[in-house]
Amino acid sequence: MKIQNIMVVGAGQMGSGIAQVHAEAGYHVYLNDIDAARVEKGLAVIRKNLSRQVEKERMTEEQKEAALAHIHLSTELDDAQKVDLVIEAAIENMDTKKEIFAALDRLAPEHAILATNTSSLPITEIAAATNRPEQVIGMHFMNPVPVMKLVEIIRGLATTDEVFENVKNTAEALKKVPVEVNDFPGFVSNRILLPMINEAIYTVYEGVAEPEAIDEVMKLGMNHPMGPLTLADFIGLDTCLYIMETLHEGLGDDKYRPCPLLRKYVKAGWLGKKSGRGFYQYH
Ligand code: CAA
């Protein structure tokens, strides 16, 4: 089965990036969210990213317009009827994902693959909400999607080799590098990244150093492109907490206990860059 038409469910930071890279690679993309305002906002981000590429002479104006012409705005999940692959990038909540997958299973053609961009939730459990668990798979893109090369591909318990190969080929067509991992909490990326971020937050909590100093140590000492607290603000502190809770619950070891300071910031509404304040302030 050749994938030509795809649907991205969720037009936020991740969903719009996923839609952009598919449109650039020539796929027809239905960019879906619950209302027109969210979809328009996602499209505006894509338009801005593509214009920057034109300014940097990495893309012509014609190529930009061609990519934009491949994006169809959608506020109805019914559009899943028209696609070969759905990539869900909605909020990280198991009940919401199960509802979306049950609906997609009813709507999408029999041959369609249902993928999720979840950062840590079990693929096998999401797949169990459908009658096609062999066609459900994890396709975990990294933020910012247009820049980051990795796509973590996670098989559920029932995922077939054919579906895996098809999704792997799609990631390669986007000029990304797919890496296969198994279905365990946090997969590989967040199993390793988030405990490091959580430890950086404990380092603030215990008064070892100021956020700026911690980030400087990791940037200059370990050559990380961003310090862990800047990265936490960039990912969103609510998402960081959610992933730590998933690791703690799923792996059952106290080494994954979310730092109380992380909980406090999330309760205060300090969610990082998107809310204007986290470990740093944004204007
Ligand atoms: N969207 C599109 N392009 C972007 C972008 C965005 N949001 N942010 C930056 N870029 C582009 C810039 O345009 C620039 O492009 P050119 O090289 O073509 O000029 C390039 O990225 C580099 O940007 P900058 O020079 O402005 O800044 P930088 O050198 O600091 O790079 C960065 C920015 C690529 C984000 C870099 O800081 C980085 O790699 N940070 C770490 C990112 C990371 O760890 N991501 C994983 C997060 S975890 C995750 O996603 C998984 C999860 O489930 C939580």
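**Close-up views of a predicted model**

**View B. An aromatic pair formed by Tyr-265 and Phe-279.** The rings of Tyr-265 and Phe-279 make a tilted aromatic pair, with 4.9 Å from centre to centre and 35° between the planes. Tyr-265 lies in helix α11 (residues 260-268) while Phe-279 lies in the segment after α11, so the pair ties together parts that are 14 residues apart in sequence. Tyr-265 is buried, with a relative accessible area of 15%, and Phe-279 is buried as well, with a relative accessible area of 9%. Tyr-265, Trp-270 and Phe-279 form one aromatic cluster.

**View C. The ring geometry of Tyr-202 and Tyr-205.** When ring centres within 6.5 Å are taken as a pair, the count comes to three aromatic pairs. Among them is the pair of Tyr-202 and Tyr-205, which is edge-to-face, with 6.1 Å from centre to centre and 70° between the planes.

**View D. A patch of positive charge on the surface.** Lys-48, Arg-52, Lys-56 and Arg-58 gather here in a patch of positive charge. One of these residues, Lys-56, is found in the loop between α2 (36-55) and α3 (61-69), and Lys-56 counts as partly exposed because its relative accessibility is 48%.

Methods:
Residues numbered from 1 in each chain as written. Predicted model: local features only at pLDDT ≥ 70, side-chain atom pairs only at ≥ 80, totals over all residues. Heavy atoms only, no water. Patch = residues over 30% accessible without salt bridge, like charges linked within 9 Å, V, L, I, M, F, W, Y side chains within 5 Å. Areas by Shrake-Rupley, 256 points an atom, 1.4 Å probe, with all protein chains shown as cover. Salt bridge = Lys/Arg side-chain N within 4 Å of Asp/Glu carboxyl O. Lys, Arg positive; Asp, Glu negative; His and termini not counted. Charge placed at Lys NZ, Arg CZ, Asp CG, Glu CD. Helix = DSSP H or I, 4+ residues; strand = E, 2+ residues; numbered from the N terminus. Buried < 20%, exposed > 50% of the residue type's maximum accessible area, 1.4 Å probe, protein only. Phe/Tyr/Trp six-rings, centres within 6.5 Å; stacked < 30°, edge-to-face > 60°.
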